[in-house]
Amino acid sequence: MILALPWISMLTAFALLFVPKENIRLMKQLVLGSCGISSAIVLVLFLKFDPSKAGYQFLHRWEWIPSMGITYQVGLDGLNLTLCVLHALVSLAGAFMSFGEKERMKDYLFFYLILTGAIYGVFTALDIFFLYLFYETTLIPLYPMIGIWGSKNKEYGAMKLTIFITTGAVLALFGLLAFYHQTGLHTFDLIQIQQQLAMHPLSRGFQEWLAPFLLIGFGVIASLWPLHSWSPIGYAAAPTSVSMLHAGVLKKMGPYLILRLAVPFLPLGIQRWAAALSVLSCIGIVYAGYAAIRQKDLKFIIGFSSVSHMGYILLGIAAMNPAALSGAVLLMFSHGVMAACTFALIGYVYEQTHAREVSDYGGMAKLVPFWSVCFVMASMASLGLPGFSNFASELLVFIGSWQHFPVVVGLAVFGVLVTAIYLLRMVQHVCYGPVSERWPKLRDVKTLSEKLPFLLLLGGLLLFGFWPNGLLRVIEPAVGALLK
Amino acid sequence: MNLSLLMPEFTALGVLLALLVGEMFCKDFSSRLSAKVSLAGCFLVLAVIILNAKARGTAFDGVFTVTPLAIFFKVFFVTALMPVILMAQEFFPAKVKHPGELFLILWCTLIGSFFLSSANDLLVLFIALEIVTLSFYIMAAYIRKELISIESGLKYLIIGSLASAFLIYGISLLYVATGTTSIDGVRLAVAAAPGSALFKLCLVFVLAGIGFKVASVPFQLWVPDVYEGAPSPVVAYLSTGSKAAGFVLALRLLFSVFPSLEHERTLLISLLAALTILYGNLGALMQGNIKRLFGYSSIGHAGYILIGIAAGGVEGVRAVLFYILAYGLTNLAAFYVITLVGKTLKSDRIESYRGLSHRSPFLAAIMFLALLSLAGVPPLAGFFGKFLVLLAAVNHDLKWLALVGALAVAISLFYYLSLVRKMYLEESVQTSPILVPLPARITLGILAAAIILVGLFQGPALSFAAWAAQSLF
């Protein structure tokens with residue numbers, strides 16, 4: 001079952017090529033079917049997952065190129081299971097939102113499915129070669145998706161995003177190759193490497209040399225300050241479902257790969273650079289927060305807000321203790337769902353109005369009540385209101401990292417205040433105040449199929465907000481294993 | 001003497017003679033027929049190579065040898081020729097009076113490269129190389145009424161002769177020092193005199209010849225001009241067949257003649273590789289003509305292949321061979337598109353690619369795929385080639401070189417994506433569709449499938465490359 005996750009989407013994408021251009025109905029059914037089945041599989045896996053067992057579950061392994069030690073190995077632990085759940089929610093909601101694209105629908109859906117499949121690939125593979133292969137495969141569809149179907153400054157945004165992330169990716173590739181060479185095991189198999197390195201860890205000097213390559217390489221996609229500048233521009237330019245997937249899920253691949261590869265294999269290296277990482281993430285939190293205050297464009301606000309939130313995740317990783325790491329992983333989930341939901345909401349209105357400035361709107365609570373309720377909820381989740389899982393996760397990050405970097409955490413907590421300022425101002429201007437006369441015909445989210453993506457995402461947020469243990473029970477053992 | 005070892009060469013010669021006789025004696029022997037005979041000949045030769053794949057040994061007193069490496073390159077040369085023949089058949093009839101003759105020259109090139117792959121003697125090696133290079137001089141200047149084509153042929157000729165002079169000077173120095181031209185004999189003599197300055201000098205001269213053929217710094221200056229001026233199908237073969245011929249030369253000379261000068265080889269080649277990668281990829285950033293762009297890009301790729309040679313060993317050579325395979329597939333697909341677009345629009349300007357996705361979604365999609373593969377994006381063939389080359393460099397303590405290669409990927413993505421932007425994001429002034437004939441559709445479909453399949457299921461191609469690489473040591 002787990003093997004099917006990446007390939008369902010990929011194969012459907014190729015099947016889509018043979019559907020005639022006019023048959024949009026069939027295309028939609030195919031896309032919904034493939035995303036729906038994948039999400040159902042993730043749900044089944046989540047229910048069948050046994051948190052009391054150590055190590056990876058649902059393991060499958062095929063020898064791929066034995067002479068180089070490349071195996072296609074898939075399996076789940078609490079870490080990538082959480083991210084699979086995140087991706088299942090966001091990709092399904094994103095599929096609904098991508099039907100809004102009118103022109104060249106087929107090409108768009110084709111790229112969307114390739115992207116979805118490649119992300120599942122990253123989150124299921126347990127072999128360094130395949131992790132990297134899927135990771136870079138996600139880059140292919142992004143450029144045309146943003147470039148063709150995006151808005152405002154889309155060519156610049158698409159190019160900047162692609163070049164930045166690729167540069168990070170090749171730095172990481174170099175690091176991974178050096179790692180493969182240094183272990184001397186001639187295998188890319190994560191589990192085998194883990195077992196070997198548990199007995200014979202790499203030398204301190206090498207770990208300290210290698211860690212920056214992985215931290216910076218994967219940090220770029222996690223929008224580590226000062227390499228974040230692609231992120232707000234890229235998200236502002238991207239079409240709705242790409243913003244959702246990118247801010248929601250793709251960005252989490254950076255911290256995921258750091259957690260999967262750097263934390264267990266280079267613990268000494270991370271410790272050496274932890275202080276620097278914590279300072280950079282703190283600057284990111286506060287700086288991006290301030291930048292968000294100054295923005296007028298809704299998508300830029302959320303874009304900078306996501307940079308700021310990624311800072312908490314990276315701060316949690318820098319602390320390298322169970323509480324902080326669990327918080328970081330939970331925040332990856334919460335922020336992903338929240339960011340996807342916000343981008344979906346903005347995209348829903350933007351499609352009708354083609355206006356994104358905060359000042360273009362007003363009194364949306366009266367105009368479009370259902371939309372506004374969702375928008376307020378997503379914003380509250382974002383600023384860490386108790387009841388949403390963001391609260392629990394940010395708290396865990398702060399508690400965990402307090403003992404290592406009290407000053408940094410003190411400043412980062414200040415970032416929460418900044419977040420509150422820009423989000424509350426945004427909500428106030430958009431949802432309340434005098435009703436804007438410009439959009440008398442604005443349509444609210446009416447039918448069930450329109451409501452479904454929002455219900456799905458907010459439901460996920462609330463479910464794990466009131467029951468964080470539902471995820472923490474699988475995250476904690478996995479994080480413990482990483483630190484061992 | 002075992003003449004059956006030469007079966008592929010004899011078959012190729014037979015096809016060449018058949019074409020020649022047809023051209024001479026049959027009045028109605030059209031270029032279309034020449035193309036058909038050539039294509040059938042390619043399949044025949046390929047079949048003969050495969051049927052004789054088990055044969056090993058030497059002929060003509062050891063100057064001719066059949067090794068897995070030779071078989072690998074012969075398969076590559078003849079396979080790469082097939083799409084080139086189809087391209088030539090699309091391209092030339094509208095441009096020249098006697099397009100049929102071009103196929104004769106193409107077959108000369110093929111026979112030359114066959115002997116090059118199997119040469120076990122420095123003189124045979126040189127002569128075979130000259131057959132290949134001379135054919136390309138003619139083909140580059142083939143469109144006599146276009147000044148730019150003649151200019152490109154002439155430029156290629158002048159710089160090529162200079163490089164040949166260097167190479168033959170190096171070979172004659174070797175002969176003076178060792179008294180033999182046999183590759184095995186020279187190797188033993190070189191190994192017996194470690195630290196000899198004369199042999200190091202020979203190595204430098206030989207590198208000049210190699211550098212010209214593979215288009216590496218500092219012998220790369222001809223590339224953009226020749227690529228721009230020469231007919232597109234010829235450039236397609238120049239960038240795949242001729243480049244591969246250059247690497248046959250490099251592999252044979254560096255690993256069969258100078259294995260004992262390993263230290264010097266690594267030092268020189270890794271330096272050249274880094275400079276070549278940077279020159280190619282930085283130069284490509286600011287181009288307005290697509291063939292010039294591909295010229296610079298081909299310089300960059302030569303640099304990546306040189307990384308594998310700098311690393312050396314079975315691992316490095318395996319990476320070299322896989323890279324050549326992946327690059328060949330991809331570049332042929334790209335040049336097929338360039339040929340078709342150039343024929344319809346009468347222009348190779350990058351501007352004329354604006355809105356290609358509307359005018360021909362099929363060609364645009366193939367070009368997109370090819371560009372991604374050239375940029376080394378998975379899961380396409382080009383990615384695994386780059387992966388192998390970089391891995392070989394890291395494993396042989398050339399970490400800095402691997403880092404240069406990795407970072408250049410990001411640079412190359414910029415100009416490849418700029419072309420994608422032209423095709424997909426910008427609207428063209430004209431909107432007339434570009435027709436793609438059926439043979440082109442089929443060939444491009446096969447090439448695209450191969451790019452994806454070799455990238456996804458790397459195993460078979462990798463084993464083929466490894467099998468050939470092992471025979472070199």
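In strand β2 of chain A, A:T71 is the bridge partner of A:E63. Strands here are DSSP runs (E, at least two residues), helices likewise (H or I, at least four), numbered from the N terminus. The model is predicted, with local features requiring pLDDT of at least 70 and side-chain atom pairs pLDDT 80 or more, whereas totals for chains, interfaces and linings use all residues. Residues are numbered from 1 along each chain as its sequence is written, and chains are lettered from A in the order in which they are written.

Strand β1 (residues 57–65) of chain A runs antiparallel to β2(A), to which six bridges join it; pairing requires at least two DSSP bridges. The two strands form a hairpin with four residues between them, and A:G69 in the turn has a positive phi of about 75°. Five of the seven residues of β2(A) (residues 70–76) are buried, so this strand is largely enclosed by the rest of the structure. A residue is buried if 20 or more other C-beta atoms, placed from the backbone, lie within 10 Å of its own.

Chain B contains 19 helices and two strands. Its radius of gyration, 21 Å, is close to the 23 Å that the globule rule gives for 473 residues, so chain B is as compact as a globular protein of that length (radius over C-alpha atoms; rule, 2.2 Å times the number of residues to the power 0.38). Of the 473 residues of chain B, 60% count as buried.

Between the chains, 24 residues of chain A are in contact with 26 residues of chain B, contact meaning backbone-placed C-beta atoms within 7 Å. On the side of chain A that touches chain B, α7(A) provides the largest share, 13 residues.

Definitions and conventions. Two residues are in contact if their C-beta atoms, placed from the backbone, lie within 7 Å. A residue is buried if 20 or more other C-beta atoms lie within 10 Å of its own, exposed if 12 or fewer, and partly exposed in between; C-beta atoms are placed from the backbone.
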